[in-house]
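Please open the model in your viewer and keep the selection panel at hand. The tour below goes from one selection to the next and says what is to be found at each stop.

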Amino acid sequence: MNCADAVVRLSAALDGDLAADDAGDVRRHLDTCEACARRYRTLQQVRTAVRAASFAPVDAQRFDARVLERVHRDGRATRVSGPLMAAAAALVIAVSSAVLMLQEHGGVTQRSAVESVAVPSALAEVPGLYEGRALLGMDCGLATGTCIVDAPPGLIAGN
Amino acid sequence: MAADDPDAPLLRAHVRGDPQAFGDLLDRYRSRILHLVRCRVGAGSLWVEDVAQDVFVQVHRKAGTFEGRSTVKTWLYAVAINVCRDHQRHQRRATQAAPVPVDSVEPLADLTDTSLDPLEQLEQQERDRLVRDALDRLSPAHRTVLYMRDHEDMSYEQIADALAVPVGTVRSRLHNARAALADALATRVRGSQP
């Protein structure tokens with residue numbers, strides 16, 4: 001084995017990553033070549049230095065607190081979004097069913113069904129608001145207020 | 001899966017909802033992940049701790065997807081490497097810098113004929129500083145592979161899995177990283193001598 005062949009194998013030899021034959025050849029070369037033996041010792045020292053090196057310490061408590069806070073926030077967002085959406089959907093269905101029932105009983109006109117919920121005057125004047133949309137007074141989970149919900153055509157018009 | 005993986009029960013317990021398990025994972029891997037992130041994004045980066053936190057948030061999110069085809073440690077390091085890559089991608093986009101190909105197969109560099117004997121005479125503290133300084137001068141890819149192999153004692157296969165590169169790339173990269181570190185250390189040792 002010549003120096004060029006040995007040098008490209010030194011790092012792998014250091015890690016015990018060479019096949020037995022190769023490792024034997026490298027060892028024999030190092031026994032006879034002082035320059036390559038010195039290179040090998042250098043690599044050994046580099047590895048020892050990296051192994052022994054201590055890195056900058058971290059404030060574990062602060063780090064963990066931040067991670068756990070983020071994980072908690074992440075988990076809460078995931079958990080809350082599903083039920084919140086389900087509750088909102090259930091509320092929309094319940095209110096829509098109530099509107100339909102009122103209409104079927106004939107005691108409430110199309111206009112009065114819509115007017116039975118409190119409509120802020122500013123919103124009531126929005127053109128087309130009653131065409132396919134219902135104003136629902138509901139608690140959205142984020143803030144109690146008036147929500148505009150897209151309703152199927154005919155639900156409000158009574159078709 | 002490695003049946004004797006000491007971290008696997010911990011990850012499974014976390015997935016089952018054991019609140020203590022995630023804390024234990026943090027305890028075991030906090031420093032290691034921080035060092036790995038430092039290697040990857042550079043010790044001088046302002047974002048080391050943030051990126052390391054991102055890693056654990058991702059571990060929390062993805063714990064259920066762990067299939068046990070590697071050890072938890074290798075899987076965790078792969079998550080960390082991906083988070084670091086995302087971070088570096090964002091940074092590059094922000095700075096409009098040219099991309100640095102970190103995962104290509106590299107030709108083998110020449111090992112310089114350098115003796116580090118003077119290192120043996122230095123105190124541990126000084127040695128640590130020199131090693132850290134020298135590591136800082138290497139490329140992120142070289143720092144990472146040196147850290148994984150020489151500090152974390154990971155096998156070539158584990159490193160290849162974590163970095164998603166062939167084993168041959170790990171071998172050549174380690175060779176080049178050690179050569180570069182030997183150069184950097186020799187330069188710094190010579191510079192620190194009176």
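Begin with the interface in this predicted model, where 30 residues of chain A are in contact with 35 residues of chain B. On the side of chain A that touches chain B, select α2 (10-14), α4 (34-52) and α5 (60-104), which are the elements that give two or more residues to it. Of these, α4(A) gives the most, with 11 residues. If you then colour this side of chain A by residue class, the division is into 16 nonpolar, 4 polar and 10 charged residues.

To see the contact itself, show the side chains of B:Leu10, B:Ala13 and B:His14 from α1(B), together with B:Ala21, B:Phe22, B:Asp24 and B:Leu25 from α2(B). By class, this contact of α1(B) with α2(B) has 5 nonpolar, 1 polar and 1 charged residues.

Finally, move to helix α3 (residues 48-62) of chain B and centre the view on B:Asp54, which lies in that helix. Is B:Asp54 buried or exposed? B:Asp54 counts as buried, because it has 20 C-beta neighbours inside 10 Å.

Methods:
Residues numbered from 1 in each chain as written. Chains lettered and ligands numbered in written order. Predicted model: local features only at pLDDT ≥ 70, side-chain atom pairs only at ≥ 80, totals over all residues. Helix = DSSP H or I, 4+ residues; strand = E, 2+ residues; numbered from the N terminus. Buried ≥ 20, exposed ≤ 12 C-beta atoms within 10 Å, placed from the backbone. Contact = placed C-beta atoms within 7 Å. Nonpolar A, V, L, I, M, F, W, Y, C, P; charged D, E, K, R; others polar.
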